[in-house]
Amino acid sequence: MAPSPRKPPTPTAPTTRRALVLGGNRIPFARAGGAYAHASNQDMLTAALDGLVARYGLQGERIGEVAAGAVLKHSRDFNLTRESVLGSALSPTTPAYDVQQACATGLESVVGLANKIRLGQLESGIAGGVDTTSDAPIAVSDRLRRTLLDLSRAKTVGQRVAVAARLRPKDLAPAAPRTDEPRTGLSMGEHQALTTAQWGITREAQDELALASHQRLAAAWDAGFFDDLVTPFRGQTRDGNLRADTSLEKLAKLRPAFGLGLDTPATMTAGNSTPLTDGASTVLLGSDEWAAAHDLTPLAVVVDAEAAAVDFVHGVDGLLMAPVFAVPRLLARNGLTLDDLDYVEIHEAFASTVLTTLAAWESDQFGKERLGLDGAFGTVDRARLNVHGSSLAAGHPFAATGGRIVATVSKELHRRKQAEGRPVRALVSVCAAGGLGLTAILEAA
Amino acid sequence: MTTVVLPSVPALGGLYARGAAATGRLAVARRVGRAPRTLPDVVHEVRGVRADADHLTAYQHLVGESASDRLPAGFVHVLAFPVAFAVMVRPDFPLPLLGLVHVANRVEQHAPVRLDEAFDVRAWAQDLRPHRSGTTVDLVAEVRVGGALVWRGVSTYLAKGVRLAGRPDDAVRDEFVAPVPTGRWKLAADAGRRYAAVSGDHNPIHLSRLSAKALGFPRTIAHGMFTAARALADVGAVRGDAFTWTVEFHKPVLLPGTVTVRVAPDGPGTAFAGWDARSGRPHLTGRVDPLR
C-alpha cells in the first residue's frame, strides 16, 4: 500500500511547568533485626505505597509512573517497584521502574519523576525507596556461581565432571552483602573517620548534633507532626531508633567504633553514627492540574537538583563529601545563597558527615582552592538545619531516606508559608556510597 | 651476544624444577671454585606470543582491573617474564635460583598491547652488582609489536649472602613514614594460589604454609607482583596509555593478611604504598608516572 501523502508531524517543543510535592507516606523505620526482621523489601514498599493510597484516596488510580528502588536488592527483585505496585491498591495499569543510586536512590526517584512532570510527560508520579538490612540478600561465592553456570553449559558427562571438580569446600560459603567500598576496602565509617580527622571534628560536636537530632525528632513525633506522614506497620508506631531520653552524658559513654587505627583520637561512636535500619518511604508528586483534579493541596515545588561525585579512591576528597561541591553549583545556578534557605536538610549518615560538610563550606581555603570561590562558601544557621531531626534519630534504610526527607520538609515548607505568606525554600542534601552526592531545592508551593 | 630463540614461552613450573637442580649444581661448583662469576652473554627470544581472552579476564578480575581488551602492564609481565626466567635457570647463570628475592620492578609501557596483537619477547640478564646483603641482578624483558617497542620490564632480584666482586654503594633508604590511608586490601589465605593460577608462578613460598615454612617463611607470602598489580589497578585510568610503573618490595605480605594502602596523586603521577598498619612497616612503595 502506498503511503498516504501527509505532512510530517511537527512536535511541539516541550514546555516546562511546576512539579509539585503533594504528600508523602512512610512506615516507621525499625532497627535492623527488629519489627521488620522478616519483612522483605517488596513487603515494606507495598505497605508504604498502600498507606499513601489510603491517605490520598488513590485506590484504583492509574498513576503516571512509580519510581523507587532499594540499595541492597536481590536479583529476583529486578522489577521491585512494579511488583510492589501490582501488590498495592493502585491500578494495575500504573507503570513503574526501579532506580538505584546508593543512598541517593530516594531523592533521585523524586528528581527524575519531577523532571518528567515538568516536561509534561507525566501528570502524576510516586517516588519511593526501601531497604532492609535484616532481610538482606545473600549470594553464593563467585567461584560457586561461575562453576554452576559453567556446569549448566557443559555438554558431556566428562565436561561436567571436570567443571564440578573445580569446586572446593570453601566455595560453598555464602557471600553476605558488604558495605565496604569496593575500590578501597574501607567501610563507610572508616572513610568518614578519615574525613572527620582531616577536618578536626570533635567528639563533643558530634554528640551534640546527635542529641539535637533525637530531641527534634522526638518533639516532632510528640507534636503529631508525623501523624499524616507515617503509617504504622507490624506493630511499629514510631521510629525504632529514636531515643527521646538520650543525653550528652549517655552519648559520651559510648566507645568509639570507627577511626581506631588513626593517629588522632577516635571520635565516631554508635551514638553519633546512623545504625542499620529497615523501612520504606514514598512521595506523591503531580502537576497543578492533576492536584486540582484530585483535590490535593500542593505542598512544595521541586525547583532544581544537582548531583556531584568525588575522587575518594585516591584520597582527593572524603567519601561522603560530594554534596559540598553540588550545593554551591546548585545555588549559583538558581541565584541563591545559603542565607536564602529557610531549611537545610543534610542527611546524617554520621554526625561528622554534616559537620565536615559545614566545616568545608566555612573554610576560606577550601572555598578558594576547591570550590573556585572568592572565599568561604558560607555558614548554615544551625536553627535551620534538620529542624525535625534526621537520620541519626530516625535511622537510615538507605533508599528510603530521600523520601523521608522530601515529605517531611515539604510539609514543613507548606506550614511555614501558610503562617508567614512569603516564599520559603529548603535545601536537601544526601551523600551516598561511591563518592556520590545529590542535592535539591524545594520551595513552598 | 648469542640469541636463543625458544619455540614458545616456557612454563614457570618446569623452570622452577630446573632452577632447583641448577641451584644444587651451582653450590657444588662454588665449593670447587668453578662457579660462573659473570652473566651469560645471551638473549632469549620468543616470537608471536598471543594472550588468551579467558586468561586475561581471570587476571583482570583478580587484580581489580577493568575487563578491557588492552593487556594490563602486569599481565604483559606475566606473559613475558618466563622468557627472562629461562635465562636464570641456565647452567652458566651465576646466582642460585632458590632463595632469589624480587626486590624491585620497573615497567615502561610505551603503548598498550591489545588482546588481538601478536608480540615478540626478548629477554636477558644485566647489571650483576654487589648489594649490602648480597648480589643483585636485573632481568630485562622487552616486548615488541610489529618491531616497535611497546613494553619494557626490568625485574631486580637479590641473591642474599652471595658475594661477588666489588663493593656496594652505600645508598641509604628513606625511612618509611605511614601516610594517611586511602584503602585497605584484605588478602585471603589463598591469595598466593589464586595469583599463581593466573601468573603461572607456582613458587612454593606462595602456595601453602608447609611449603613456605620449608623455605624459611612463617606463612605463605603474597606475590610481590600481585600487590604491585593491585596498586596499578587502583591508580586507574589516569595512568594513560604510556607510563612508567615502578615498585620496590620491602617486607613480604604474610597470608592471610591486611595491607593498608595509599594510592594518591603525587607530582606528575600517582604514588602508592602498602604497609602493615600495626607495625608501620612497608610492604611495597612505588609510583606510576606518565611516560614522555
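## Before you start

Residues count from 1 along each chain as its sequence is written, while chains are lettered from A and ligands numbered from 1 in the order in which they are written. Because the model is predicted, local features need pLDDT of at least 70 and side-chain atom pairs count only at pLDDT 80 or more, though totals for chains, interfaces and linings use all residues.

Let's begin on the inside. A residue is buried if 20 or more other C-beta atoms lie within 10 Å of its own, exposed if 12 or fewer, and partly exposed in between, with C-beta atoms placed from the backbone. Helices (H or I, at least four residues) and strands (E, at least two) are DSSP runs, numbered from the N terminus.

What does A:Val21 touch, leaving aside its neighbours within four places in sequence? Its contacts (C-beta atoms, placed from the backbone, within 7 Å) include A:Val283, A:Leu285, A:Leu299 and A:Leu442.

## Two helices in chain A

Now for a helix pair. The axes of α4(A), residues 142–153, and α5(A), residues 157–164, come within 9 Å and cross at roughly 175°. Axes here are lines fitted to C-alpha atoms, for helices over the stretch in contact, and angles run from 0 to 180 degrees between N-to-C directions. That crossing makes α4(A) roughly antiparallel to α5(A); angles under 35 degrees count as roughly parallel, over 145 as roughly antiparallel, 65 to 115 as roughly perpendicular and the rest as oblique.

On the α4(A) side, A:Thr147, A:Asp150 and A:Leu151 do the touching, and they meet A:Arg160, A:Val163 and A:Ala164 of α5(A). By class, that's three nonpolar, one polar and two charged residues. Ala, Val, Leu, Ile, Met, Phe, Trp, Tyr, Cys and Pro count as nonpolar, Asp, Glu, Lys and Arg as charged, and the others, Gly among them, as polar.

## Strands in chain B

Over in chain B, strands β4(B) (119–131) and β5(B) (134–145) run antiparallel, joined by ten bridges; strands pair if DSSP finds at least two bridges between them. B:Arg122 has B:Glu142 as its bridge partner, and the hairpin linking these two strands goes through two residues.

Twelve bridges then tie β5(B) to β6(B), residues 148–160, again antiparallel. Here B:Arg144 stands opposite B:Leu149. The hairpin of β5(B) and β6(B) has two residues between the strands, and in it B:Gly146 takes a positive phi near 60°.

## Where the chains meet

The contact takes nine residues from chain A and 13 residues from chain B. Chain A's side divides into four nonpolar, five polar and no charged residues.

Most residues other than glycine have a negative phi, and most peptide bonds are trans. Which spots have a positive phi without being glycine? A:Asn386, at about 45°, sits in the loop between α12 and α13 of chain A and counts as buried because it has 25 C-beta neighbours inside 10 Å. B:Asp127, near 55°, belongs to strand β4 of chain B and is exposed, with 12 other C-beta atoms within 10 Å.

Finally, the peptide bond from B:Leu255 to B:Pro256 is cis, with omega near -10°. B:Pro256 is in the loop between β8 and β9 of chain B.

Conventions. Two residues are in contact if their C-beta atoms, placed from the backbone, lie within 7 Å.
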